[in-house]
Amino acid sequence: MSEPDGFEPRSSQKDLREIDVSMRDKGDRLRVLARVEPLFKLPPRPRRPPAVRLLPGQWVRWQLNYRFSSALGIRDWSYWLDTFDIA
């Protein structure tokens with residue numbers, strides 16, 4: 001959603017290679033980890049949650065929020081929220 005669109009919700013689907021989520025088969029569990037890449041050359045926060053290990057039939061909703069200021073800090077803040085639903 002974005003302010004110019006009046007915060008109208010839109011859903012989308014992408015190829016797994018385009019999503020910042022790492023998934024690995026670990027025997028009877030699926031290891032899921034949200035990758036947080038540096039944005040605008042700023043390092044990601046170190047406080048992100050650890051990987052989740054899902055058993056068959058389990059699911060996880062992972063929400064990562066971001067807050068940005070302008071390069072010089074003279075404009076308003078902007079916010080970004082990524083939501084991953086993995087089952």
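Start by selecting aspartate 85 and arginine 61: both are exposed (over 50% relative accessible area; buried means under 20%, and partly exposed lies in between, with a 1.4 Å probe and protein chains only). The model is predicted, with local features requiring pLDDT of at least 70 and side-chain atom pairs counting only at pLDDT 80 or more, while totals for chains, interfaces and linings use all residues. Residues are numbered from 1 along each chain as its sequence is written, and side-chain values use heavy atoms, leaving out hydrogens and water.

**The salt bridge**

Show the side chains of the two residues just selected. Aspartate 85 and arginine 61 meet in a salt bridge of 2.6 Å, N to O (the criterion is a side-chain nitrogen of Lys or Arg within 4 Å of a carboxyl oxygen of Asp or Glu). The structure holds one salt bridge. Since aspartate 85 lies in strand β5 and arginine 61 in strand β4, the pair ties together parts that are 24 residues apart in sequence.

**The whole chain**

Now switch to a cartoon view. The chain has five strands and zero helices, running β-β-β-β-β from the N terminus. Both kinds of element are DSSP runs numbered from the N terminus: helices are H or I with at least four residues, strands E with at least two. Of the 87 residues, 20% count as buried. The accessible surface comes to about 7,700 Å², and 51% of that belongs to carbon and sulfur atoms; the areas come from the Shrake-Rupley method with a 1.4 Å probe, and for residues only the protein chains shown count as cover.

**β1, β2 and β3**

Select residues 21-26, 29-34 and 52-54, which are β1, β2 and β3. These strands make an open sheet in the order β1-β2-β3, with antiparallel pairing (two strands pair if DSSP finds at least two bridges between them). β1 and β3 stand at the edges with a single partner strand each, so one side of each is left without a neighbour in the sheet. Neighbouring strands here are turned by 25 degrees against each other on average, direction ignored; the axes are lines fitted to C-alpha atoms, for helices over the stretch in contact, and angles run from 0 to 180 degrees between N-to-C directions.

Six bridges join β1 to β2, and valine 21 has alanine 34 as its bridge partner in β2. Step to the turn of this hairpin: two residues separate β1 and β2, and glycine 27 has a positive phi of about 75 degrees.

**β4 and β5**

Next, select 60-68 and 78-86, β4 and β5. Nine bridges join these antiparallel strands; one of the pairs is asparagine 65 with leucine 81. Colour β4 by face: Val60, Trp62, Leu64, Tyr66 and Phe68 are on the covered face, whereas Arg61, Gln63, Asn65 and Arg67 are on the uncovered one.

**The core**

Which residues form the largest nonpolar core? Select Val21, Val32, Ala34, Leu54, Val60, Trp62, Leu64, Tyr66, Phe68, Phe84 and Ile86, eleven in total. A nonpolar core is a set of buried Ala, Val, Leu, Ile, Met, Phe, Trp, Tyr and Cys residues joined through side-chain atoms within 4.5 Å. β2, β4 and β5 each supply at least two of its residues, and β4 gives the largest share, five.

Finish at tryptophan 62. Not counting residues up to four places away in sequence, tryptophan 62 touches Val32, Leu33, Ala34, Pro49, Pro50, Ala51, Val52, Asp82, Thr83 and Phe84 (contact means heavy atoms within 4.5 Å).
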